Amino acid sequence: MTKRSRHSYQVTLSMLKERIAAGGNTIFAEIDQAAAAKEAGLHLRPTMLIVFGNPKGGTPIMDAFPLAALDLPLKLLVWEDGDGVAIAYVPMSEIAARYGVTAMEDRIAAIDAALERLTGAVV
């Protein structure tokens with residue numbers, strides 16, 4: 001899922017991080033991929049990967065379907081290009097389908113709805 005932000009790169013990142021925390025989630029990592037490229041002597045447009053989640057939501061899925069942990073916690077990719085700022089993520093329903101997660105439809109739908117609200121704040 002890719003969406004366009006109506007805000008600048010820095011404002012988009014700030015808003016997403018604030019909303020992640022306000023939603024009771026934890027940011028586990030922020031990977032500044034442009035900074036890593038710069039350290040390697042390369043150039044990359046502003047690009048940040050935010051790894052976040054709520055153990056109450058993801059742990060039952062990972063417990064019942066261990067391979068789901070390959071894609072959990074959730075991730076948001078934010079980058080700036082000539083068209084503005086974009087946000088991308090893999091919906092929980094796609095992750096669940098990838099790993100054959102069953103009997104957790106309500107949980108999956110709730111996570112997808114939370115991702116939609118989170119990203120909807122900036123698009």
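Q: Is Lys17 buried, partly exposed or exposed in this predicted model?
A: The model is predicted. Buried requires under 20% relative accessible area, and exposed requires over 50%. Lys17 has a relative accessibility of 25%, so Lys17 counts as partly exposed.

Q: Which residue meets the side chain of Lys17 in a salt bridge?
A: The N to O distance in this salt bridge is 2.9 Å. The pair links distant parts of the chain, 13 residues apart. Lys17 sits in helix H1, and the other residue sits in strand E2 (residues 26-32). The partner of Lys17 is Glu30.

Q: Is Glu30 buried, partly exposed or exposed?
A: The partly exposed class lies between the buried limit of 20% and the exposed limit of 50%. Glu30 has 40% relative accessibility, so Glu30 counts as partly exposed.

Q: How many salt bridges does the structure hold?
A: The bridge of Lys17 with Glu30 is one of them. Arg4 with Asp81 and Asp71 with Arg98 are also among them. The structure holds four.

Q: How many residues apart in sequence are the parts that Arg4 and Asp81 tie together?
A: Arg4 forms a salt bridge with Asp81, with the closest N and O atoms 3.0 Å apart. Arg4 lies in strand E1 (residues 2-5), and Asp81 lies in strand E4 (residues 74-81). The parts they tie together are therefore separated in sequence by 77 residues.

Q: What is the relative accessible area of Asp81, and what is that of Arg4?
A: Both values must be set against the limits of 20% for buried and 50% for exposed. Asp81 has 26% relative accessibility, so Asp81 counts as partly exposed. Arg4 is partly exposed too, with a relative accessible area of 36%.

Q: Which residue is the bridge partner of Asp81 in E5?
A: Asp81 lies in strand E4. Five bridges join E4 to strand E5 (residues 84-88), and the two strands run antiparallel. A hairpin of two residues connects E4 to E5. In E5, the partner of Asp81 is Gly84.

Q: Where in the chain is Asp71, and where is Arg98?
A: Asp71 and Arg98 form a salt bridge, with the closest N and O atoms 2.6 Å apart. The pair links distant parts of the chain, 27 residues apart. Asp71 is in the loop between H3 and E4, and Arg98 is in helix H4 (residues 92-98).

Q: Is Asp71 buried or exposed?
A: Arg98, its salt-bridge partner, is partly exposed, with a relative accessible area of 46%. For Asp71 the value is 19%.

Q: How far apart in space are Ala69 and Gly58, C-alpha to C-alpha?
A: Ala69 is found in the loop between H3 and E4. Ala69 is partly exposed, at 35% relative accessibility. Ala69 and Gly58 are eleven residues apart in sequence. Their C-alpha atoms are separated by 8.6 Å.

Q: Which backbone oxygen does the side chain of Thr47 reach?
A: Thr47 lies in strand E3. Thr47 is buried, with a relative accessible area of 6%. At 2.8 Å, its side chain reaches the backbone oxygen of Arg45.

Q: What is the distance from the backbone oxygen of Glu116 to a polar atom of the side chain of Thr119?
A: Thr119 is found in helix H5. Thr119 is buried, with a relative accessible area of 0%. A polar contact needs N or O atoms within 3.5 Å. The distance here is 3.4 Å.

Q: Which element gives the largest share of the lining of the largest pocket?
A: The largest pocket has a volume of about 460 Å³. Elements giving two or more residues to its lining are helix H1 (9-22), strand E3 (47-53), helix H3 (55-64) and helix H5 (105-120). The largest share, six residues, comes from H5.

Q: How many residues of the lining of the largest pocket are nonpolar?
A: The lining has 23 residues. Nearest the centre of the pocket lie Asn25, Phe52, Asn54, Leu74 and Ala114. Seven lining residues are polar and two are charged. The nonpolar ones number 14.

Conventions:
Residues are numbered from 1 along each chain as its sequence is written. This is a predicted model: local features need pLDDT of at least 70, side-chain atom pairs count only at pLDDT 80 or more; totals for chains, interfaces and linings use all residues. Side-chain values use heavy atoms; hydrogens and water are left out. On a 1 Å grid over the protein atoms alone, a cavity is a set of points where a 1.4 Å probe fits but cannot get out, and a pocket is an open set with protein on both sides within 12 Å along at least five of seven lines; lining residues have an atom within 4 Å of a point. Grid points are joined across faces, edges and corners, and a volume is the space filled by probe spheres set on the points. Helices (H or I, at least four residues) and strands (E, at least two) are DSSP runs, numbered from the N terminus. Ala, Val, Leu, Ile, Met, Phe, Trp, Tyr, Cys and Pro count as nonpolar, Asp, Glu, Lys and Arg as charged, and the others, Gly among them, as polar. Buried means under 20% relative accessible area, exposed over 50%, partly exposed in between (1.4 Å probe, protein chains only). Two strands pair if DSSP finds at least two bridges between them. A polar contact is a pair of N or O atoms within 3.5 Å; within protein, one must be able to donate a hydrogen and the other to accept it, and residues adjacent in sequence count only if both atoms are side-chain atoms.
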